[in-house]
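This briefing sets out the fold, the surface and a few selected residues of the structure shown below. It begins with one side chain and its partners, and then turns to other sites and to the chain as a whole.

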Amino acid sequence: HARIAVELHRRGATAAADRHCTRAAELAPHDVTVRRGLMGLRGEDPFGDAYFELRDELGAAGIPIYRPIAVAEAEV
């Protein structure tokens with residue numbers, strides 16, 4: 001749905017693109033990459049208030065945006 005939204009937006013079908021943005025977010029509610037990546041199509045700043053609202057929403061749901069990097073132990 002995200003890719004379809006991008007193509008529809010490129011073709012000027014903004015209402016249809018918005019519907020696919022909504023569906024993509026519904027299918028991947030915890031995927032910050034999908035949701036943030038589509039903000040620009042909706043006229044939202046992915047580096048502004050819309051992003052911080054998304055971050056807060058996910059944080060409140062217990063989904064960390066920044067995850068620690070797993071470090072493998074060295075073989076002895």
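In this predicted model, the side chain of Arg-35 comes to 2.8 Å from the backbone oxygen of Pro-29. That side chain also forms a polar contact of 3.0 Å with the side chain of Glu-57. Arg-35 itself belongs to helix α3, which covers residues 32-37.

**Surroundings of Arg-35**

- Residues up to four places away in sequence are left out of the contact list of Arg-35.
- With that exclusion, Arg-35 touches Ala-25, Ala-28 and Pro-29, together with Leu-54, Glu-57 and Leu-58.

- Is His-1 buried, exposed or partly exposed? Its relative accessibility is 41%, so His-1 counts as partly exposed, given that this class lies between the 20% limit for buried and the 50% limit for exposed.
- The side chains of His-1 and His-20 are joined by a polar contact of 2.9 Å.
- Apart from neighbours within four places in sequence, His-1 is in contact with His-20, Arg-23, Ala-24 and Leu-27.
- His-1 and Gly-62 are 61 residues apart along the chain, and their C-alpha atoms are separated by 25 Å.

**Ala-17 in helix α2**

- Helix α2 runs over residues 14-27 and includes Ala-17.
- Ala-17 has a relative accessible area of 2%, and it is therefore buried, the limit for that class being under 20%.
- Which residues does Ala-17 touch, not counting those up to four places away in sequence? They are Ala-5, Leu-8 and His-9.
- Between the C-alpha atoms of Ala-17 and Glu-7, which are 10 residues apart along the chain, the separation is 7.8 Å.

- Pro-46 sits in the loop that links α3 and α4 (49-60).
- Not counting residues up to four places away in sequence, Pro-46 touches Arg-36, Met-39 and Tyr-51.
- For Pro-46 and Arg-36, a sequence separation of 10 residues corresponds to a C-alpha to C-alpha distance of 5.7 Å.

**Overall architecture**

- The protein chain contains four helices and zero strands, and its pattern along the sequence is α-α-α-α.
- The radius of gyration of the protein chain is 16 Å, whereas the globule rule gives 11 Å for 76 residues; the value is well over that figure, so the chain is more spread out than a compact globule.
- Along the principal axes, the C-alpha atoms of the protein chain fill a box of roughly 60 × 25 × 20 Å.
- Among contacts between residues at least 6 apart in sequence, 24% join residues at least 24 apart.

**Burial, surface and charge**

- Of the 76 residues in the protein chain, 24% count as buried.
- The protein chain exposes about 5,600 Å², and carbon and sulfur atoms supply 56% of that area.
- How many positive and negative side chains does the protein chain have? There are 10 positive and 12 negative side chains, and the centres of the two sets lie 9 Å apart.

Terms used:
Residues numbered from 1 in each chain as written. Predicted model: local features only at pLDDT ≥ 70, side-chain atom pairs only at ≥ 80, totals over all residues. Heavy atoms only, no water. Helix = DSSP H or I, 4+ residues; strand = E, 2+ residues; numbered from the N terminus. Rg over C-alpha atoms; globule rule 2.2 N^0.38 Å. Buried < 20%, exposed > 50% of the residue type's maximum accessible area, 1.4 Å probe, protein only. Contact = heavy atoms within 4.5 Å. Areas by Shrake-Rupley, 256 points an atom, 1.4 Å probe, with all protein chains shown as cover. Lys, Arg positive; Asp, Glu negative; His and termini not counted. Charge placed at Lys NZ, Arg CZ, Asp CG, Glu CD. Polar contact = N/O pair within 3.5 Å; in protein donor to acceptor, adjacent residues only side chain to side chain.
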